[in-house]
Amino acid sequence: MEHTIAQIYHKSEDEEKKLILREYRALLRVLKDRIKKGDRSRIRRAFEISADAHKDMRRKSGEPYILHPIAVARIVVQEVGMGVTSAICALLHDVVEDTEITLEDIEAEFGSNYAKIIDGLTKISNVVDYNSETTTQQAENFRKILLTLAEDPRVILIKIADRLHNMRTLESMKREKQLKIASETSYIYAPLAHRLGLYEIKSELEDLSLKYTQPDVYEEIMQGLKETKKDRNKYINEFSKPIKQELKEQGYSFEIYGRPKSVHSIWNKIRTKNVAFEEVYDLFAIRIILDTPVEKEKEDCWKVYSIVTNFYNPSPDRLRDWISVPKGNGYEALHTTVMGPAGRWVEVQIRTKRMNEIAEKGVAAHWRYKEGAADLQETKLDSWLEHLREVLSNPDTDTLDFLQDFKLDLFTEEIYIYTPKGDMRVMPKGATALDFAFDIHSELGARCIGAKVNYRLVPISHELKTGDQVEIITSSKQKPSEDWLSLVITGKAKSRIKYYLKEEKRKISEDGKEILYRKLKHMGVSPSQYNLNEITTYFKKQSPLDVFYGIAVGSIDIKELRGFTVHGDKLEQPVKEAKLDSRDLISEKEERKQQHAKDTELIIFGESSDKILYKLAQCCQPIPGDDVFGFITSGDGLKIHRTDCPNAQQLLANHGHRVVKTKWAKNKEISFLTGVRIIGLDDVGVIQMITNVISKELNVNMRSISIDSHDGVFDGTIMVYVNDRAHLDQLCAKLSVLKGINKVIRLQGDNVEKDD
Ligand code: MN
């Protein structure tokens, strides 16, 4: 597809028409097996309506717009595994949004079923192309996405296909747009694809997202994979040979192959384990796919497991049986890690053809196997959607929190817990007795004082393990408290606890509200939104409710309002002198010394040469040479972040419109504070050596050094001033060749996310 786009640019009208028809016929071909009587004319109609409605539109690449809906429809059928209805909706997915066609037109032409799905797609589309101003609004929008998902999963499946095609054709977009779309993709769409069991698509979305957010990293890993391909294939052949032979002898019909892990998952390893590409040994997994009837699936998979482990010893703690108990998203397979030739650990995945289709097409595949053995997963997915609906209809409006919790839920491993009656429930790994109580019923959670796990009494904070049988103990006097939030990990428990706490707070706040309103009346002003906001920012609170609460419990002194001035009905807060703690004071002063007057010349924004004031973000401490973007904060001016900053993804995804294109101006005279972590063998004189290299050889200014050492290993952090990325790389290279030093890593900021 990609190369055709460039060619289209110069196509004549005739050629374009031919191309469109060719793509349309290709769509019909992949739909062939599913077309029933009457379908063909309906598909034709959808194509004609869409082609006509989009006829004057072109994509950024220059190609006729209609190629996009056709491509999305094809992905929906071929890669997501959906049928005719979804294909028709995919063809029409952008018409209500972008053209004159209305929802009523769709309903009149195709009926209300179709109109409902298109409506869902249009609503989500508004979310994606947002210009909303506040974070809460953004979160509210994501909530809408999830709500639509809970109503009809087809909407989100088509939306994921739409996003996949946009990601595959992201090349022709502007850089800021690329960053925003890519971040949003890894922030919300990839996790959703994962939760819906679309593993292939999830990996591709993540890889493409990485390709655009961190092109260097992506290229480096791709290059590494290319260079090691020959050796890898040789190894895979050697590993598979005896297994292949034995399977053949026993008369199995099967496929066996080595499959490289995704670029994104390799990058995750490199990042979280702090290793180099060469040190990531499990770059691939061996997959064995059996062609066997449903009633023999389990037995045969275990037989194959037995054959594999006859040749290679398994690691006992790496066996995963998702055949007896499938994952919540429907995934079924047997995974094991065995010791292969040359002492390398190799992951082996055993599954049947049916299970493989579920692994690739997730939810959609379930619908197709509905009548078969997939009843269990069917109900599991249903109960997940049910849970989603329940949480979303909760009046607790803190959607941003909800989204965070929800995302955590999407990725975690699962454990299986039994009720006293023997019913099984799936919980995320790390869930506590309190999570379990909330999972069963929110009232049970709110009154929980402890639990019996396998007949033994445990506190509510007790972490559960697979196979535990849990009975919840309650008391009518119990109620949730703030510290409960640290005792639970599930989104459901968290949102329920927050809801209870908020209710509690609301009750207490009523008193504070009364006191404040009385005071305002006394001052001769009304409790208008403006005045309440003024007071809220003065006391540095999140909302007026927090102020009411603070007054009620005495943490806010209402006498401070005396400092305010009154203009008509408007309050104005007194100007506060900036308070800095001593540590900030030193660093601010020092930084000012280092960066002095040239601040505005360091960074160039967009295409303009305007000089704008900015600050370098503390979380990632960018230095010249880093790939960066500017971000307009709500109260602290413009901040510069690295694109690989741990916070970048979240910022770009939620506040794309606040991002400013930024690059470094060339400047050598100024130094930047950055941190380096050094790990090595403790040896007398090692610090001496390090400081020598830093200050004498390279003439770099050191701000601080702190070193921890135990059992002969030291782990130190050094803060230094460098000119730019090249300067820092030079420093790291020099340090890493010193005797006894194992690893030199640039500090990443303190809250690096780990999501695998
Ligand atoms: Mn679209």
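Trainee: In which helix do W302 and Y305 lie, and how many residues apart are they?

Mentor: Both lie in helix 16 (residues 297–311), 3 residues apart, which is about one turn of the helix; a helix here is a DSSP run of H or I with at least four residues, numbered from the N terminus. This is a predicted model, in which local features need pLDDT of at least 70 and side-chain atom pairs count only at pLDDT 80 or more, while totals for chains, interfaces and linings use all residues. Residues are numbered from 1 along each chain as its sequence is written, and side-chain values use heavy atoms, with hydrogens and water left out.

Trainee: Why is the pair of W302 and Y305 called edge-to-face?

Mentor: Rings of Phe, Tyr and Trp (its six-membered ring) pair if their centres lie within 6.5 Å, and planes under 30 degrees apart count as stacked, over 60 as edge-to-face and the rest as tilted. The centres of W302 and Y305 are 5.3 Å apart and their planes stand at 75°, so the pair is edge-to-face.

Trainee: What makes Y305 count as buried, and what is W302 called?

Mentor: Buried means under 20% relative accessible area, exposed over 50%, and partly exposed in between (1.4 Å probe, protein chains only). Y305 has 16%, so Y305 counts as buried, whereas W302, with 28%, is partly exposed.

Trainee: Which residues coordinate the manganese ion?

Mentor: The donors are H68 (NE2), H93 (NE2), D94 (OD) and D162 (OD), at 2.2 to 2.5 Å, where a donor is an N, O or S atom within 2.8 Å of the metal (3.2 Å for Na, K and Ca), and water is not among the atoms, so sites may look incomplete.

Key. Helices (H or I, at least four residues) and strands (E, at least two) are DSSP runs, numbered from the N terminus.
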